[in-house]
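Welcome, and thanks for opening the viewer. Please keep the selection panel handy as we go from stop to stop.

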Amino acid sequence: MDDFDFNQFPDFPELFPGFGDELFDRPMTEDEDGIIECPFLTLRDVVLFPQMVMPLFIGRERSLAAINAANTNHENLIVAAQRDSEALDPGDDDLFTIGTEASIGRVLRMPDETTSVLAQGRRRVEILEFTQWTPYIRVRARVIEDIDKWQPNTEALMRAVRVLFDKVVGLNQNIPEEAYAYALNLDEPGWLADFIASTLTVPVATRQEILEILDPHDRLQTISILLAKELEVLELEGEIQSQVQQEVDRSHREHFLREQMRIIQGELGELDVFGQELNELQEAIARKNLPEGVRAKTEKELARLNAMPPMSPEIGIIRTYIDWILDLPWVEESADNLDVRNAAEVLDADHYGLPRVKDRILEYIAVRRIASDTMRSPILCFVGPPGTGKTSLGRSIARALGREFVRISLGGVRDEAEIRGHRRTYIGAMPGRIIQAMRRVGTRNPLFMLDEVDKLGADFRGDPSAALLEVLDPEQNNSFVDHYLGLEYDLSRVLFVTTANYLDSIPPALQDRMEVIEFSSYLEEEKLGILKQFLIPRQIEQHGLTRKNIQFEEEALQVLIREYTREAGVRNLEREVATIARKIARMVAERKRYPRQITAEKVRDLLGPPRFIEDIRLDEDEVGVATGAAWTAAGGELMTIEVNTMPGKGNLILTGQLGEVMRESAQAALTYTRSQVEVLGIDPERFERRDIHIHLPEGAVPKDGPSAGVTLALALISAFTERPIRHDVAMTGEITLRGRVLPVGGVREKALAARRAGIRTFILPRKNERDLMEIPKHLRQDMKFVLVDRIDDVVKVVLQPSDGGQREP
Ligand SMILES: Nc1ncnc2c1ncn2[C@@H]1O[C@H](COP(=O)(O)OP(=O)(O)OP(=O)(O)O)[C@@H](O)[C@H]1O
Ligand SMILES: [Mg+2]
């Protein structure tokens, strides 16, 4: 007993049985009814389980007397806990009636003047009667023998409890490892339950409850529930613990790194650098001419920057923001040059023709001269085919006005934020394109070109055209708010010019704000002029040549236009000229012989085989083949339509990449033809007995639009009446189901395409008559234009008699 170390498990007063077992060899002295009569000890805050060894600390006189009596008489002791641990002198009602018979060892006087005794529980007992109260208590009690009846699943329960206990021991640092090993060796369910109950940190009431469960299986069941609960709590504790640990580790680490950085920066003198930068920023803000609100906001941001520790990640963000404000032109603007004559000269020097646009610009400048400075700028929208000089004229206008020029392309912009920017809370936020362009240009009154407004997209990220509306609205654009800046910016002094290829694709609300100026495709003679006056001199100069090096013959220019390009504008033309200039420049550089005079032959030589051949003109009149004219981005083009019929059931087949509108036109043409069987002398049965195939050759080119209606109808009528169509006539026009001919677009281009192909008779809707005025007189003179109101008019002109001989009188 002397070598027993009470301090071994300071928080675990229970000891394992086995320690000095021989000490507890007192006989158990019940009578045949299982009744014993012994001294009694009141326990406070502890429950002694059978088989368990535990030091009992003795405070009360009466308790010491009971122990002494037991020792003297070689008796066992009966112990039970008091219900209320605060009671100083509990009576019989204050004590639990289920207790434990215990053997006791020697009485030990502890260094701190207290007394303790080592006790081992023996059996459960039920206290029947208190037989004596002084000088110590004696009780009569009935011994409760363990029920030795296993239930079928007791074994399984024991195993489960051991597994749980193993986990609890692993997590609970107050239970020594050996406890599990000991539990493994206990093969009595009741005993196992008692042992585990004595190790768990549970309230006395719970322990007492377990002591009072007499059926070992039930007791173990209760223990398993207790263990599961305990485990849950322990796991949760563990989680919290490790989170706390991580948090502590991280902040320690950060703190440590920051300290180090501070020291390093101090060593390098960089802390001063930061301070110096702040000073510089402050000076820059003071120097910059800013509107009041903007200045206030900027200074607020600077103050935030000042208050920040030098290595805060937010510093970069705030600095960038301040830099944006400092770089933007808030007040800076250029003086307009309002000299109309000078402007006219500049515009003519840069571009051939385009009288309407040039006039509009000169008007604007003239009005600005006399109107007040605050006159609203018009918002111009240049609409026309590619390469017709929209963008480059914009540049030229800026030059004429003496304004800066800036351009952004809206093609494919689908996100509102691209126009208006992202809020600063967004990672990597930036101002939108409008503000970016303003920074680039550096004055607040540039000519701002918004290219390709017709190619704006819209999707779930918001509608960019809504943002654009605001930009282009003179009522609102003096206070345009970019999300990133979060400040009002004045765009009202900007001269906006937008460009588009098609008017239809521009949102109507936008169209409404703008003054549309159309750029039409160039005629051949205009192209000649542009070539001679602009493209050739420019390319010659850019390639380091002089006019003495090369001279283009007139015929060569025609070949360039007709055989190497087919376009409304002059972009490819310029490219071809550049190719020639490049090849010659190379010959010059290599000191080879080179042609000074560029002939048509030389052009074909330098550029290779012609890329386009003249529009194909039919050689003879045919049944079911009509010549129409189409209006494409490249200008006017001829197009043949073929109709054939074959035995069948009246099906309509359409081939040659026809768009939806053209298919509908074909249906309408067929309906009209069927309605006219009597007038035209067609056997109505033929429509039921034959299939109709309509084909537009050059199948790879998509074709659409209503203007082929007349041509389709004529080809159909020709096929059913078997009267050939004149091959020297071209036609255009939309039709109605009742055979009326409606006006169409691009008549000028179509007529000129026919003329180019050598067709001298052109049939067009009467309503298009005034378009003829747009064709230069000398080109009009040798052509015959037939204005029509109805299909019947066309039939009269183009259908030959069925014998293929003479025309109808
Ligand atoms: N009337 C003209 N006089 C002189 N050069 C011209 C003329 N028209 C076009 N060009 C030249 O043609 C080239 C193409 O013009 P630009 O880029 O302005 O076309 P665009 O109308 O903006 O076409 P897109 O619709 O494809 O943007 C430029 O080099 C331009 O200088
Ligand atoms: Mg352009």
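**Stop one: ligand 1**

Select Thr388 and ligand 1: a backbone N or O atom of Thr388 lies 3.2 Å from an oxygen atom of the ligand. That is a polar contact, meaning a pair of N or O atoms within 3.5 Å; within protein, one must be able to donate a hydrogen and the other to accept it, and residues adjacent in sequence count only if both atoms are side-chain atoms.

Before moving on, note that this is a predicted model, in which local features need pLDDT of at least 70, side-chain atom pairs count only at pLDDT 80 or more, and totals for chains, interfaces and linings use all residues. Residues are numbered from 1 along each chain as its sequence is written, chains are lettered from A and ligands numbered from 1 in the order in which they are written, and side-chain values use heavy atoms, with hydrogens and water left out.

Which residues come nearest to ligand 1? Of the 19 around it, they are Tyr352, Gly387, Lys390, Thr391 and Arg571 (a residue is near if one of its heavy atoms lies within 4 Å).

**Stop two: the second largest pocket**

Next, select Gly387, Gly389, Lys390, Ser392 and Arg571, the closest to the centre of the second largest pocket among its 27 lining residues. This pocket holds about 600 Å³ of space. On a 1 Å grid over the protein atoms alone, a pocket is an open set of points with protein on both sides within 12 Å along at least five of seven lines; a cavity is a set where a 1.4 Å probe fits but cannot get out, and lining residues have an atom within 4 Å of a point. Grid points are joined across faces, edges and corners, and a volume is the space filled by probe spheres set on the points.

Colour helix H12 (390–401), strand S12 (495–500), helix H17 (524–542) and helix H19 (571–589), which each supply at least two lining residues. H17 has the largest share, with 4 residues. Helices (H or I, at least four residues) and strands (E, at least two) are DSSP runs, numbered from the N terminus.

**Stop three: Arg444**

Jump to the loop between helix H14 (433–441) and strand S9 (447–451), where you will find Arg444. Is Arg444 buried or exposed? Arg444 counts as buried because its relative accessibility is 15%, and buried means under 20% relative accessible area, exposed over 50%, partly exposed in between (1.4 Å probe, protein chains only).

Show its side chain with that of Glu333, and you will see a polar contact of 3.2 Å. The backbone oxygen of Val331 lies 3.4 Å from a polar atom of the Arg444 side chain.

**Stop four: the cavities**

Finally, look inside: the whole structure has 2 cavities of 30 Å³ or more. Select Ile147, Trp150, Pro189, Gly190 and Pro216, which lie nearest its centre among 13 lining residues. H4 gives the most to this lining, with 3 residues.

For the second largest cavity, about 30 Å³, select lining residues including Leu43, Val79, Gly99 and Leu211. Strand S3 (77–81), strand S4 (98–109) and helix H5 (204–212) each give two or more residues to this lining.
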